[in-house]
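Here is a walk through one protein chain, from its overall layout down to single residues. Keep the 3D view open while you read.

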Amino acid sequence: MILAFARKTLEGRPKKRVFIGLLVLTCFILLFLIFLLWYVPIVGLKNIHPSLPLVFSAALASLVFLMFFGGLLLVFTILRGRDIFLSHRLRGLVAKVLFPVMLLMGKMVGIPKEKIRQSFVELNNHLIRSNLHRVRPDKLLILLPHCIQNFDCEIKITGNIRNCKGCGKCEIKELIELSDRYHLKIAVATGGTLARRIVMENRPEAIVAAACELDLTTGIQDTYPIPVIGVLNERPEGPCINTKVDIDKVKNAIIDFLEGPSAPKG
Ligand code: SF4
C-alpha cells in the first residue's frame, strides 16, 4: 500500500519532489527495519545481561535521531533555499549515499531512472545555491558535451573549443561568447574519462556543466567536493546528436557562482 501511495504521489510532481518522496519512503522502510532490529534481540539480550536491552535501545535511538535530523535538515534547506547548517556535507551525503539508495527505491516503486537522475541534479543545484559558493572567474569552468556541436561541423573542437569558427549553426558559438564575457575557462568533453582529465588539468573550484542526466549525475558524483551546477541538455533529435542547451540557464549558473544566487540575472 505504501508503494502504491508513494508512486501515486510522485507522478507528475515537480522534479525535486521525486527525490524527497523517495527519501521519505526510504525513511519508512529503515524505521521498520530498525524496529525489527530493536524488537527481536530484546527478547534474547535480557538473558545475556540485564542492562544490554537499554544499551541497545539507546544506540538505535541515536541512529533514528541522526536519520531524522539529516532528513529534516535536507528538507528545510530545500524549502528555505539557503544554507541552514552543514549543507555542503548534505550534498556529499546526497551524492554518495542517498542517490544510489534512491535509484533502488525508484526501481521498487517503478519510477524511471531518468526521472530520479533529473531530480538529483535539481536537488544538487539547489544545495549548491543554498550554500552560496562564490568563486573567481579563473576558477570557474564551463564543461560541455561534444554532442552540442553541430553533427555536420568538421572542425575539431575537443582539445581546443576555440577552433570553432563561430558560424552559429550550433550553440558552441554562444557558449564561447559567454565564457569570453565572464572570462571563464571552457572545454568540451567526449566522455567521462576526458571530462575527468579536463577537471584535473584545470583544477577548477566550481563547474557549470551541461549534459544529459546520466553524464551529469556521474560527473557530480565523481567531482565531489567540487561544486557542480548541472544544466540538463535538450535532445530534439534524440540522444547524443545535435543536442541543445538553454543559454540563459548556463548564464544564470555562472552568475550564481560569480556573484551569488541573489545577484540580478539581466
Ligand atoms: S558554431 Fe562552431 S562548432 Fe558549431 S557548427 Fe559552427 S563552427 Fe562548428
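A residue counts as buried when its relative accessible area is under 20%, as exposed when that area is over 50%, and as partly exposed in between. Glu213 sits at 4% relative accessibility, so Glu213 is buried.

The model is predicted. The protein has 266 residues, and 42% of them count as buried. Its secondary structure amounts to nine helices and four strands. Read from the N terminus, the elements run α-α-α-α-α-β-α-β-α-β-α-β-α. Take the contacts between residues at least 6 apart in sequence: 66% of these join residues at least 24 apart.

Now go to helix α8. Thr217 lies in this helix, which spans residues 213–223. Is Thr217 buried or exposed? Its relative accessible area is 1%, so Thr217 is buried. Leaving aside residues up to four places away in sequence, Thr217 touches Phe99, Arg117, Phe120 and Val121.

Next come the charged pairs. The structure holds seven salt bridges. Three of them follow.

Glu213, at 4%, is buried.

Arg196 pairs with Asp222, with the closest N and O atoms 2.5 Å apart. Here too the pair links distant parts of the chain: Arg196 belongs to helix α7 (residues 192–202), Asp222 to helix α8, and they are 26 residues apart. Arg196 has 39% relative accessibility and counts as partly exposed. Asp222 is partly exposed as well, with a relative accessible area of 39%.

Lys173 and Glu177 form it, and their closest N and O atoms lie 3.1 Å apart. Both residues are in helix α6 (residues 172–182), and because they are four residues apart there, about one helical turn separates them. Lys173 is partly exposed at 29%. Glu177 is partly exposed at 41%.

Turn to the open space in the model. The largest pocket has a volume of about 740 Å³. How many residues line the largest pocket? There are 40, and Pro145, His146, Ala189, Gly191 and Asp215 lie nearest its centre. Four elements, β1 (140–145), α7, β3 (206–211) and α8, each supply at least two lining residues. Helix α8 gives the largest share, with seven residues. By type, the lining divides into 22 nonpolar, 13 polar and five charged residues.

Of the 13 residues around it, Cys153, Cys164, Lys165, Cys167 and Cys170 come nearest. This shell divides into six nonpolar, four polar and three charged residues.

Move on to helix α9, where Asn252 lies. Asn252 is partly exposed, with a relative accessible area of 25%.

Last, look at the backbone. Most residues other than glycine have a negative phi, and most peptide bonds are trans. A cis peptide bond joins Tyr224 and Pro225, with omega about 15 degrees. Pro225 is in the loop between α8 and β4.

The other two places concern phi. His183 has a positive phi, near 60 degrees. This residue lies in the loop between α6 and β2 (185–189). His183 counts as exposed, because its relative accessibility of 61% is over 50%. Cys240 also has a positive phi, near 65 degrees. At 64% relative accessibility, Cys240 counts as exposed.

Technical notes: Residues numbered from 1 in each chain as written. Predicted model: local features only at pLDDT ≥ 70, side-chain atom pairs only at ≥ 80, totals over all residues. Heavy atoms only, no water. Buried < 20%, exposed > 50% of the residue type's maximum accessible area, 1.4 Å probe, protein only. Contact = heavy atoms within 4.5 Å. Salt bridge = Lys/Arg side-chain N within 4 Å of Asp/Glu carboxyl O. 1 Å grid on protein atoms, 1.4 Å probe; cavity = no way out; pocket = protein on both sides within 12 Å on 5 of 7 lines; lining within 4 Å. Points joined across faces, edges and corners; volume = space filled by probe spheres on them. Nonpolar A, V, L, I, M, F, W, Y, C, P; charged D, E, K, R; others polar. Near = heavy atom within 4 Å.
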